[in-house]
Amino acid sequence: IQITDTHLFPEGVTSFKTPDMTVDMKKQGYSNKTAKDYLALLIKQVRPDVAILTGDIIDGRPFGEHKRTDWLRTFEAFIDPLVDQGIYWSFTPGLHRSPPISTDLKRY
């Protein structure tokens, strides 16, 4: 299966600004938990041999006090369903990925 553009954010981030607006993620019905729940459901229904994560998995736009370890915890929590089920996975980064985050993700 291919999972694309999840745009995960560090825990505690509830909104972000674009040049045109502020996006309230809760109001839009988006959260990291929702993304992880959908991934778990998809895995249960599809039972893939491999998963390819593409695009903006982790949204690399800066968020104040958040550190690189916050991004890693977010990513690790998201891929738990894949790891728990023994599903092989890989990723291809998107355009909202900062170089340090891409470097960290390559460790996996």
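Modeller: Gladly! A salt bridge is a side-chain nitrogen of Lys or Arg within 4 Å of a carboxyl oxygen of Asp or Glu. Keep in mind that this is a predicted model.

Colleague: Thanks. What makes Asp 37 and Lys 33 a salt bridge?

Modeller: Their closest N and O atoms are 2.7 Å apart, and the cut-off is 4 Å, so the pair qualifies. Both residues lie in helix 1, 4 residues apart, about one turn of the helix.

Colleague: How do you know that Lys 33 is exposed or buried?

Modeller: Lys 33 has a relative accessible area of 57%; exposed means over 50%, so the label is exposed. Asp 37, at 39%, counts as partly exposed, because that class runs between 20% and 50%.

Colleague: How many salt bridges are there in the whole structure?

Modeller: The search finds 2. Asp 80 and Lys 36 also meet in one, at 3.6 Å from N to O. This pair links distant parts of the chain, with Asp 80 in helix 2 and Lys 36 in helix 1, 44 residues apart.

Colleague: Why are Asp 80 and Lys 36 called partly exposed?

Modeller: Asp 80 is at 31% relative accessibility and Lys 36 at 28%. Buried would need a value under 20% and exposed one over 50%, so both fall in between.

Colleague: And what is the phi of Arg 47?

Modeller: Near 55°, a positive value in a residue other than glycine. Arg 47 sits in the loop between helix 1 and strand 4.

Technical notes: Residues numbered from 1 in each chain as written. Predicted model: local features only at pLDDT ≥ 70, side-chain atom pairs only at ≥ 80, totals over all residues. Heavy atoms only, no water. Helix = DSSP H or I, 4+ residues; strand = E, 2+ residues; numbered from the N terminus. Buried < 20%, exposed > 50% of the residue type's maximum accessible area, 1.4 Å probe, protein only.
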